[in-house]
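I opened this notebook to keep track of what I looked up, chain by chain and contact by contact. The entries follow the order in which I checked things.

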Amino acid sequence: MGAENEPAAKGVPPWWRDRRVLPWVVQAVVGLLVLLLIAFLLGNLVRNLTAAGLLLSWRWLNQPASFGIAETIIPFDATMPYWRGLAAGLANTLRAVLLGLVGATILGTLAGMASFSRNGLLRGIARVYVEVIRNIPLLLQLVFWYFVVFLALPNGAAAVQIPGVVLAKSGLYLAGFEEGVRWTVPHLVNNVWQAPLRVSVEFGALLTGLIIYSGAFIAEVVRGGIAAVPRGQWEAASSLGIGWLATLRWIVLPQALRVIVPGLNTQYISLAKNSSLAVAVGYTDLYSVAETTLNQTGRAVEVYLILLGAYLGLDLLISLLMNGLNRFVQIRER
Amino acid sequence: MIRHPFTGLQQCGVVRKLGMALRRSLLWPLTALLAAQLAGCASDSGSGVQSQKMATINGRGKLVCGVDGKLPGFSFVGPDGAYTGLDVDVCKAMAAALFGDPGKVEYRDLNSSERFAALASGEVDLLSRNTTMTLSRDAPGGNGLSFGPTTFYDGQGVMTPVTSGIRTLKDLAGKPICVESGTTTELNLADRMRELDVAYTPLKFQTGDQTYAAYLGGRCIAVTSDRSQLAAKRTSFPSPDQHVLLPDVMSKEPLTPATVNGDPAWADAVRWTVYGLMQAEELGITKANVAEKLAEAKANPNQADLRRFLGVEGDFGRQLGLPSDFVVKSVAAVGNYGEIFDRNVGPGSKLKLDRGVNRQWTDGGLIYSPPFR
Amino acid sequence: MAALLRRIRRELFPTRGDAVLSVALLGLITLAGFGFLHWALFQARWLVIQANATLFAVGRYPIEQQWRLWLLLWLLVAATGLSWGVLRSHPRRDRTGALWPRNDRLAAVLLGVVGLWVPWALGLDLSLQSRWWGLVILLLLVRWLAGRFGRRFGSLGPRLVALTWPVLYLLGMVLISGGLGLVSVSPSEWGGLLLTLLEASFAILLCFPLGVLLALGRRSELPLLRWGSVLYIEFIRGAPLITLLFLGQNILGFLLPGGLAPERVWRAAWVLTFFAAAYLAEAVRAGLAAVPGGQFEAARSLGLSYPQTLAKVVLPQAMRVALPAMVGQFISLLQDTTLLSLIGLMELLGTARTVMANPAFLGKNAEVYLTLAVLFWCCCAALGLGSRALERRLDPQTVPSST
C-alpha cells in the first residue's frame with residue numbers, strides 16, 4: 001500500500017511543508033505553549049496565594065487606610081478607606097503629569113526653536129542643554145534637584161525672593177488672588193511664609209526634574225519637525241520681508257506640527273510613566289500610595305492590578321487626546 | 001498545617017539536572033550564566049528534618065538573613081565590609097547553631113517596604129531587621145509571618161533639633177514630620193496625632209537614608225521612628241548633641257526576628273536558638289566561660305538542667321533539627337543575650353542605651369526564656 | 001584672525017537685538033561658570049569620591065577576589081585595542097589608509113591624559129596608578145600592533161575580532177561570578193559601576209534577539225502571533241518600569257515554584273531585558289517598514305527560503321534604518337539601570353546612597369551626584385558617538401542618497 005502511494009506523494013509536498021497547513025501548525029504550537037505557560041504561572045499564583053491566605057479579594061479597599069498623605073488636592077485623612085487614598089494618589093499623579101506636560105512642552109518648543117536661531121550662542125546653548133540632559137538618567141536628576149538644590153533653600157526671611165514668588169525650604173509660594181478678588185503676594189507671618197498658592201519642595205523638585213528632562217526630548221522632536229519643513233518656505237517668507245520669529249510662528253510651526261504631534265505623543269506618555277519616580281523625592285503620588293498600601297495589607301496582586309490599570313488608562317487617555325490633536329492638525333493641510 | 005509553597009525541592013532538582021546536562025553538552029559556557037542565577041537553589045542533602053526551609057538552608061550551606069544594614073547598633077556595614085549589630089548577632093547565632101560557624105551567613109539589606117515580600121518569596125530565610133511584631137503581620141490573613149522571641153523591647157519616639165523649641169507632640173501642630181514609609185511608625189504617628197487632634201504633614205521616604213537625609217537637610221522639623229533607632233542614627237550625625245528625643249513614647253515596638261508562616265519546624269529552631277541566648281545569660285553562661293561550663297556539665301552528672309541545656313544529655317537539638325550542642329555553638333559565637341546587648345547597643349557601644357525593660361526577668365525586665373526541658 | 005572676528009560677528013551679533021541677547025547670555029554663562037569653578041575647586045570636598053572609589057567601581061566585591069576583575073579589565077582593554085587596530089587596518093574607500101588618522105590621534109592623546117590624570121586625581125596609591133598607566137599603554141600598544149600587522153591576516157582579522165567579544169563576555173561572566181574552579185562570588189556582593197554595566201550589557205544583548213522576534217511577530221500574517229506580540233508590546237510600553245521591577249521582586253515569587261525564581265540581581269536583569277525588548281521591537285518594526293516590499297518578493301523569487309530572506313536581505317536593511325533608534329533605546333536602558341536602586345540593588349546610584357548615609361560623608365550629595373552624572377554622561381555619549389560612527393560605516397556609499 002505504501003509502495004502504491006509513493007509516486008503520488010512526490011508531486012504533493014508532505015503535510016509538514018504544506019503552505020496552507022504550516023502557518024496553522026506554527027500558531028497552534030505557539031498558542032499551546034503560551035497557554036501552558038500562562039496556566040502554569042496562574043496555577044502557581046493561585047496555589048501560593050491560597051497558601052498565604054491572600055486569594056484575590058477587594059474588600060480591603062473599604063477598610064480605613066490609617067496613614068496620612070502630605071499634600072492632596074482631594075481631601076484625605078487617615079480615617080478614610082484605602083480606595084480614597086489611592087484616588088488621592090492618582091490625583092497627585094495627574095497634577096504632576098498635567099503641569100509637567102505643559103511645562104515640558106513650553107520649554108521643549110522654546111529650545112527646539114532656539115536651535116534654528118540666527119544667534120550662534122543661543123543655538124549652542126540649546127544644543128548643550130539637549131545633549132547634557134538626555135544623557136543623564138532622570139532619577140539621578142530628580143535626586144539632584146531635591147537633595148542638592150531644593151533642600152539647600154533657606155527658610156524664613158532668608159528665603160529666595162523673586163517678585164511674586166518665594167522659594168523656601170518649607171515650600172514654593174506663589175502670588176495669587178485670595179478670596180477671589182484680593183491680589184496677594186507671599187508674606188511672612190511669625191517667620192512662616194503665607195501665600196495663596198503653595199506647593200511643597202518635593203513637588204517642586206519632581207516637576208522641575210520632569211520638565212527639564214522631557215523638555216530636552218521634546219526639543220529634539222520640535223527640531224526634527226522644523227527641519228522637515230522645506231528651506232524654501234523660510235526663504236520665501238524672508239523675501240516677503242517677514243521677520244524670523246513671525247516666519248517661525250506663522251509659517252513654519254503650523255507645517256512642522258504635522259511631524260511634531262506624533263513624536264510628542266511618545267514623549268508625553270513617557271513623561272506620565274516617569275512621574276512614578278516621585279517616590280524617590282518623597283512626593284506622594286499613586287505609586288507611593290500603592291506601595292504603602294501593599295505594605296499595610298500584603299495584597300500584592302490586587303495593588304499591582306490597580307497600579308497597572310491606572311497607568312495603562314493614563315497612557316490611553318494621552319494617546320486618545322493626541323490622536324485627536326493629530327487629526328485636527330492634519331485636516332488643516334491643503 | 002499549610003506547607004510553604006516557596007521551597008519546593010523537586011523543582012530545584014530538575015533545574016540542577018538541566019544544568020548538569022547542559023554542562024555535559026557543548027554549551028558549557030552557558031552553565032556559568034545558569035549557575036550564577038540558580039545560586040538560591042538547594043541540594044537535598046538534609047539532616048533528616050521535616051522542614052523544607054532547613055533542608056534548603058543546609059543544602060545551600062549558609063543562612064540568608066534579611067537585615068537593615070544601615071542602622072548602627074542593630075545592623076551596620078563597617079568600612080571593612082563586615083556586618084555588626086544586635087540583629088546581625090541573631091543571624092550569626094542562628095548560623096552557628098545550624099553549621100557551628102557564625103560566618104556562614106549571607107546578609108541582604110532590605111528596606112522597610114520590601115522586607116515582607118523578601119521573606120514571603122523565600123528570598124531570605126530569616127528576617128532580623130528591627131521588625132515590630134503586630135497581629136496583622138503575624139496573622140495568616142495579614143502578612144502571614146511567624147515571629148520568634150522579641151530581642152528588643154522598644155517604643156516609638158520623636159527626635160527634633162534642640163533649637164526647634166519643640167517639647168511635646170502638641171508643638172508639632174502643622175509641622176512637617178519625616179517618616180519611613182511602610183513602617184508601623186507611619187501608622188502610629190497617624191493614630192496618635194489623630195487622638196491628640198494635631199494636624200501635621202507626613203513626609204514619607206522609601207528608605208531610612210532618605211528619611212534622615214531630609215531631616216538633616218532641614219526639610220522636616222522632626223523625625224519619628226523607634227527610640228533605639230533614633231538614638232542609633234543620632235550617633236552618626238555630625239553633632240549628635242544638637243538633637244533631642246521627646247519624652248513621649250507613642251507605642252509599643254517589640255522588635256522581633258521573623259520567619260515565614262508555614263514552616264513551624266524552622267520557626268521553632270529560630271525561636272529556641274534565641275531563647276538559648278537569653279537562658280544562657282540567666283544561667284551566667286558567657287562567651288568566655290561556655291567551654292568551661294560545658295566541661296563542668298560533662299564532668300558532673302548531677303547538673304541535669306545544665307547538661308540538658310548544653311546538649312550533654314537529652315535530644316533537644318535533634319527534636320529541633322539542630323545539632324545537640326546548638327546552644328554551646330551559638331553562645332560561643334556571639335555570647336549570651338546580655339553580652340550581645342552590651343556590645344552592640346549598651347555600654348560597650350556608641351549608643352549607650354540603658355537595658356531598661358530589656359533586663360532579665362530576674363532583674364524585673366521582660367527578657368524571659370521558657371524552660372529548656 | 002579676521003575670519004574669526006567675522007564669524008563671531010555673524011554668529012553673535014547679527015542684529016542689534018541679538019547683540020543685546022548675546023551679551024546678556026555671555027554674562028550669565030561667565031557668572032555660572034565662575035560660580036561652579038569656585039565651588040568645585042574650593043568648596044567641594046572630593047574626598048568622598050576618593051575614599052569610596054573602590055565601592056563606586058565594584059561595590060562590596062571581596063578584595064581577595066578583585067584580581068579577577070583586574071584580569072577582565074586587562075583582557076577587555078586588549079580586545080578593544082585589537083578591534084580598533086584591525087578596523088583601522090582595513091581602510092575604506094573614503095579614507096586614507098593612514099595608520100593614525102586625525103580622530104585616532106586625538107583619541108589616543110585624550111586617553112593618555114585621562115589615564116594619567118584620573119588615577120592621580122582619585123589619589124590612588126602608586127601601585128594602582130601604575131596599573132592604570134599600564135592599561136593605557138597596553139591599549140595603545142595593541143592598537144598599534146594590530147594596525148601595523150593586521151592587514152597580513154586578510155579577512156581573518158575582522159572575523160577574529162568578531163569572535164573575540166562573545167567569548168570574552170562569557171569568560172567575563174565566569175570571572176565575575178566564579179565557577180570552573182574559581183571561588184563563586186554571590187551576585188549580592190556585586191555593585192557599583194560593575195553591576196550597572198553588567199545589568200545593562202546583559203539586557204542589551206538579550207533584548208536584541210527578543211525585540212527582533214517581537215517585531216517580526218507584530219508584522220506576521222498569522223493572527224495569533226501578531227496579536228500576541230501586539231498585546232505584549234503595548235502592555236509593557238504602557239507600564240512604568242518601576243512597577244515592572246517591583247512586579248519582578250514581589251510577585252515573581254508567587255508565579256514560580258520555589259527555587260526557580262532567580263537571584264534578585266538576575267531577576268532585575270531579566271525584567272530590564274523584557275522591558276527593553278518591547279521598545280526595541282518598535283524600533284525594529286519601523287526599520288522593517290522602511291524595507292520596500294519588492295525586496296522580499298525579489299528574494300523569494302530567487303529561491304531563498306523565508307528565514308534566508310529575512311536573515312540575508314530584509315533584516316540587514318531594516319537594521320541599518322533602525323540603528324539610531326535602537327541605540328537610543330540602549331542608551332535609555334543604560335540610564336534605566338538607576339531605577340534598580342529603588343528596589344535595593346547596589347548599582348551606581350544605590351552605592352551612592354549608602355556612601356552618603358555614611359556619617360563621615362553626610363551631606364556630600366552634590367559631589368557624589370555630579371560624579372555619577374559625569375560618568376553616565378560619558379557612557380551614554382560614547383554609545384551615541386559609536387552609533388553615529390557605525391551609521392556612517394554602514395551607509396552604502398555606492399548609492400548616492402536620493403534626497
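Entry 1, domains. Before using any domain I noted that domain bounds come from an automatic or database domain assignment. I also noted that this is a predicted model. For chain C the assignment gives domain 1 as residues 62-184 and domain 2 as residues 189-394. I then looked up how far apart the two lie: the C-alpha centres of domain 1 and domain 2 of chain C are separated by 25 Å.

Entry 2, chain B overall. I counted secondary structure and found 15 helices and 14 strands in chain B. Chain B has 373 residues, and 55% of them count as buried. I also looked at contacts in chain B with a separation of 6 or more; 70% of these join residues 24 or more positions apart.

Entry 3, a sheet in chain B. I traced an open sheet of three strands, ordered β2-β3-β4 in chain B, with antiparallel pairing. Which strands stand at the edges? They are β2 (70-71) and β4 (83-84) of chain B; each has a single partner strand, so one side of each lacks a neighbour in the sheet. Next I checked the pairing of β3 (residues 75-77) of chain B with β4(B): the two run antiparallel and are joined by two bridges. In that pairing I found B:Val77 opposite B:Tyr83 of β4(B).

Entry 4, another strand pair in chain B. Strand β8 (residues 152-161) of chain B is antiparallel to β13(B), with four bridges between them. Opposite B:Phe152 I found B:Leu255 in β13(B). I then asked which residues of β13 (residues 252-255) of chain B are on its covered face. They are B:Glu253 and B:Leu255, while B:Lys252 and B:Pro254 are on the uncovered face. For background, I wrote down that side chains in a regular strand alternate between the two faces of the sheet.

I followed β1(A) to β2 (residues 165-168) of chain A and found three bridges in the antiparallel sense. A:Val160 is opposite A:Leu167 in β2(A).

I found 41 residues of chain A in contact with 38 residues of chain C. The elements of chain A that give two or more residues to this side are α2, α4 (120-134), α5 (138-149) and α10 (300-331). α2(A) gives the most, with 11 residues. The chain A side that touches chain C divides into 30 nonpolar, eight polar and three charged residues.

Definitions and conventions. Residues numbered from 1 in each chain as written. Chains lettered and ligands numbered in written order. Predicted model: local features only at pLDDT ≥ 70, side-chain atom pairs only at ≥ 80, totals over all residues. Buried ≥ 20, exposed ≤ 12 C-beta atoms within 10 Å, placed from the backbone. Contact = placed C-beta atoms within 7 Å. Nonpolar A, V, L, I, M, F, W, Y, C, P; charged D, E, K, R; others polar. Pairing = 2+ DSSP bridges.
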